[in-house]
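Here are a few exercises with worked solutions. Grab your viewer and work through them step by step.

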Amino acid sequence: MKRDIVIIGGGVVGLMCAYNLFKQGRQVTLIDEHTIEDSTSFGNAGLLSAFDKTPLSYPGIVTNTLKLMIKGQSPVIFHPTLDLKLYKWLYQFVQSANETRTKKTMMLFEKYGQISIDIYKDLVYNVGIDFDFHHKGMLSVFTQKNTYEDKLEKYNYIDENRFEIFNKEKIKEYLPFSNNKIKGAILFKKNAHIDPGKLMLGLKKYLQDSGVEFILNEKIVDIKYDNKKIKSVSSKNTEYKADTFIMSTGYKTSLARKLNKNLILTPAKGYSITFSMPKELKPKTSTLFNDLFIVMTPRFNDVRLTSKLELGSNNKEVVKKQIESIKKNFKEYSIPFEMKNEKLWSGFRPLTPNDIPLIGRDETYSNLVYAMGLGWLGMTFSPAVGKTISDLIVKNQSNSKNDDILLFSGFYQ
Ligand SMILES: Cc1cc2nc3c(=O)[nH]c(=O)nc-3n(C[C@H](O)[C@H](O)[C@H](O)COP(=O)(O)OP(=O)(O)OC[C@H]3O[C@@H](n4cnc5c(N)ncnc54)[C@H](O)[C@@H]3O)c2cc1C
């Protein structure tokens with residue numbers, strides 16, 4: 001049996017591709033090696049934070065990280081490895097940390113962030129999937145005087161629709177748990193947040209009910225090609241033929257390597273601590289502690305802290321030392337309170353060196369489409385990426401005929 005479209009990997013990117021393709025009338029089969037109940041797309045912070053967002057590789061990242069390392073507050077952990085790919089990634093990361101690249105990336109973030117927010121709104125208000133979508137802005141908090149002053153220089157004008165600079169009273173109103181060590185805060189009003197696990201389960205159910213075929217607990221281990229086309233992909237026991245294949249396997253690149261495709265992305269491990277806290281201390285909206293790279297997201301019943309960027313590790317284990325380090329850094333800026341019913345989690349961001357995803361058709365096998373590399377912003381941009389991939393396939397376009405691929409794909413940067 002030959003299928004229409006087979007998607008390998010049901011993280012948020014795979015599901016958003018499935019959703020957009022299904023909406024455009026295509027027959028979709030989604031294969032995942034697990035049950036789609038716990039991947040990177042589940043335990044993350046759930047920020048939709050495309051607006052006024054500086055990419056990871058901004059000018060000054062290296063010196064700022066070194067300073068934080070000296071203070072013992074650095075979110076970055078580097079495990080030396082013999083894998084040359086990581087050093088190539090690091091080289092490209094440092095190269096990307098320049099003013100021109102940052103401006104271009106921030107412009108792209110705004111464009112694809114808006115497309116994504118519109119799709120999320122459609123999912124909530126028209127399709128009826130509930131995933132605690134809150135469009136209340138993201139509070140950017142500064143714990144270092146110099147980074148706050150640098151930021152204020154960039155926001156030395158008034159745009160009430162976009163941002164608000166908070167005074168001490170407003171900071172306390174939004175962050176009742178905070179102590180007085182915070183140097184300043186800016187609310188970036190266009191950002192939003194969601195419950196990522198609820199989104200994943202809601203979308204999965206909606207797609208299953210709509211007739212999208214899910215084949216779960218099925219790991220794809222091989223790819224067969226013939227005459228510049230992918231013929232089939234196979235698990236240990238079954239071969240799946242299709243007209244088009246989408247690879248959305250998150251940080252895992254081993255399938256692409258079978259085609260000699262070297263995708264420059266690296267797993268960047270992060271952690272989350274989900275806990276309950278006194279209601280009156282909960283933050284009013286999602287909050288990014290800029291200098292610490294810690295995010296705190298208020299949720300329906302609890303709160304989630306996420307942090308750390310561990311490079312050179314594939315180990316899924318939750319390392320207690322890192323959890324303690326997140327708590328220690330956070331508690332420095334909070335009044336004492338008890339974190340109750342803690343749930344610990346770790347996951348891997350599929351990180352490209354310049355925060356631009358790897359999306360589009362394979363150069364050799366044109367019926368293979370990549371939807372990878374959304375890094376630390378997969379919840380933020382997956383709806384727009386799903387739509388772009390869907391348009392590319394439905395309109396039967398080559399990469400060069402699709403403006404969004406040319407603009408927003410790392411294959412063209
Ligand atoms: C700590 C942390 C906080 C984050 N916070 C945010 C945030 O606030 N906002 C935001 O926008 N993003 C955030 N992210 C990033 C976001 O979570 C990721 O970008 C996103 O989840 C990646 O989705 P994905 O679909 O590419 O990968 P995944 O969610 O990893 O899904 C890939 C799927 O592919 C399957 N798979 C892999 N290989 C195979 C195979 N061979 N056969 C079959 N199936 C396979 C896996 O089982 C998995 O289900 C955060 C990430 C972390 C770690």
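**Exercise 1. Is Thr380 buried or exposed, and where does it sit?**

Step 1: Thr380 has 4% relative accessibility, so it counts as buried (buried is under 20% relative accessible area, exposed over 50%, partly exposed in between, with a 1.4 Å probe and protein chains only).
Step 2: Thr380 belongs to helix H10 (helices are DSSP runs of H or I with at least four residues, strands are E runs of at least two, both numbered from the N terminus).

Before going on, a word on ground rules. This is a predicted model, in which local features need pLDDT of at least 70 and side-chain atom pairs count only at pLDDT 80 or more, while totals for chains, interfaces and linings use all residues. Residues are numbered from 1 along each chain as its sequence is written, and side-chain values use heavy atoms, with hydrogens and water left out.

**Exercise 2. Which polar contacts does the side chain of Thr380 have?**

Step 1: Use the cut-off: a polar contact is a pair of N or O atoms within 3.5 Å; within protein, one must be able to donate a hydrogen and the other to accept it, and residues adjacent in sequence count only if both atoms are side-chain atoms.
Step 2: On the protein side, a polar side-chain atom of Thr380 is 3.3 Å from the backbone nitrogen of Ser49.
Step 3: On the ligand side, a polar side-chain atom of Thr380 is 2.8 Å from a ligand oxygen atom.

**Exercise 3. What surrounds the ligand?**

Step 1: The shell has 36 residues, and the closest are Asp32, Ser41, Leu47, Gly375 and Thr380 (near means a heavy atom within 4 Å).
Step 2: Look at the backbone too: an N or O atom of Glu33 lies 3.0 Å from a ligand nitrogen, and a polar backbone atom of Thr40 is 3.3 Å from a ligand oxygen.
Step 3: Alone, the ligand exposes 1000 Å², and the protein buries 95% of that (Shrake-Rupley areas, 1.4 Å probe; for residues, only the protein chains shown count as cover).
Step 4: Helix H1 (12-23), strand S13 (266-276), strand S17 (340-351) and helix H10 (378-394) each give two or more residues to the shell.

**Exercise 4. Why is the pair of Tyr120 and Phe131 tilted?**

Step 1: Rings of Phe, Tyr and Trp (its six-membered ring) pair if their centres lie within 6.5 Å; planes under 30 degrees apart are stacked, over 60 edge-to-face, the rest tilted.
Step 2: For Tyr120 and Phe131, the centres are 5.6 Å apart and the planes at 55 degrees, so the pair is tilted.
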